[in-house]
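Hello,

Here is the structure we talked about handing over. Please open it first, then read my notes below.

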Amino acid sequence: MADGIRCELNRPGLKKPKSLLAILALPPRERIRYVNSIDSEIIKESRQNICRQCTSSGSAMEPRKNGKLKLLRKMGKALIAKKTGKYSRNIIWKNVRKAKIAFRHQYGVTETYHAKQQDKKLKSHECNDKPATRTITKQLKAEGYKHPVKGKRGKILLRRVSVKWIMQNMTNAQAALLIHILMGGPSPRPRTWKIELPERPFLGVTPDKVDQFTTYLAQQTIS
């Protein structure tokens with residue numbers, strides 16, 4: 001089971017307790033239906049946040065530093081509500097990998113990377129003659145790779161090449177070898193380094209929206 005958010009019928013801090021009291025006065029069957037309705041609204045709102053690329057407060061997510069692809073692609077469909085009690089649910093991802101990705105975006109984390117981890121990844125690619133993957137291509141570019149080309153009068157010039165060019169003209173083995181060479185140059189990469197990921201709280205809803213859900217669903221359920 002993966003981390004998510006918790007939804008309970010007796011959630012504190014609601015601005016309109018009268019609606020909550022009206023729900024609590026309902027038969028158990030109707031209260032369960034109400035909780036399920038709240039879950040559906042939270043999941044729907046979170047999926048819309050991903051689609052709009054905004055946080056639960058309505059502000060725009062901080063974009064990627066590299067590339068223009070949308071954040072959290074295909075993450076909304078996997079959201080589910082897991083029953084944790086008679087009147088409580090957790091909004092989670094069953095897939096642990098997706099849950100970890102969502103956690104990093106939701107709360108923002110500082111991740112520490114070690115050169116040994118990178119070396120293991122490189123070794124797994126060294127005997128691979130398939131076209132270079134996007135991951136290893138980006139790492140090659142990060143190491144400052146420049147491709148030698150013939151200039152005027154036969155002079156050899158070093159020029160930067162695109163990710164697309166590397167993927168079309170190199171294998172994983174060639175890219176891994178070049179990375180090893182570049183990392184062993186006069187200015188090798190540190191043995192450890194940190195990458196800070198910003199907060200992008202897309203999961204959940206604001207207290208005001210919770211009140212709106214409560215009031216609306218209370219009226220619907222009671223009627």
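**What turned up**

R52 is partly exposed, with 48% relative accessible area. Keep in mind that this is a predicted model. I start with R52 because its side chain takes part in a salt bridge, meeting that of E45 at 3.9 Å, N to O, where the cut-off is 4 Å. E45 is buried, at 11% relative accessible area.

**The other charged pairs**

How many salt bridges does a search of the whole structure find? It finds four. Side chains of opposite charge can pair when their charged atoms come close. Besides the pair above, two are worth a look.

- R33 and E30 form one of them, with 3.2 Å from N to O. They sit three residues apart in helix α2, residues 28–52, so about one helical turn separates them. R33 is partly exposed at 45% relative accessibility. E30 is partly exposed too, with a relative accessible area of 24%.
- E111 and R104 form another, with 3.1 Å from N to O. E111 is buried, at 18% relative accessible area. R104 counts as partly exposed, at 27%.

Residues three or four places apart on an α-helix point the same way, because the helix has 3.6 residues a turn.

**Aromatic pairs**

The count of aromatic pairs comes to two. In one of them, the ring centres of F103 and Y107 are 4.9 Å apart and the planes stand at 50 degrees, so this pair is tilted. Where do F103 and Y107 lie? Both are in helix α3, residues 96–107. They are four residues apart there, about one turn of the helix. F103 is partly exposed, at 37% relative accessibility. Y107 is partly exposed as well, with a relative accessible area of 42%.

**Helix α7**

Next, take helix α7, which covers residues 172–183. It has 12 residues, and at 1.5 Å a residue they should span 16 Å. The end C-alpha atoms are 16 Å apart, which agrees. Which residues of α7 are buried? They are N172, A173, A175, A176, I179 and M183. Look down the axis of α7: these buried residues fall within an arc of 165 degrees, so they line one face of the helix. The face turned away from that buried side carries the exposed residues L177 and I181.

**Two residues with positive phi**

Finally, look at the loop between α2 and β2, where β2 is residues 79–85. L72 is found in this loop. Its phi is positive, about 55 degrees, although L72 is not a glycine. K74 has its place in the loop between α2 and β2 as well. The phi of K74 is also positive, at about 65 degrees, and K74 is not a glycine either. Are L72 and K74 buried or exposed? L72 counts as buried, at 5% relative accessibility. K74 counts as exposed, at 73%. The cut-offs explain those labels: buried means under 20%, and exposed means over 50%.

That is the tour. Over to you.

Best wishes

Technical notes
Residues numbered from 1 in each chain as written. Predicted model: local features only at pLDDT ≥ 70, side-chain atom pairs only at ≥ 80, totals over all residues. Heavy atoms only, no water. Phe/Tyr/Trp six-rings, centres within 6.5 Å; stacked < 30°, edge-to-face > 60°. Buried < 20%, exposed > 50% of the residue type's maximum accessible area, 1.4 Å probe, protein only. Expected span 1.5 Å × (residues − 1). Arc of directions from axis to C-beta.
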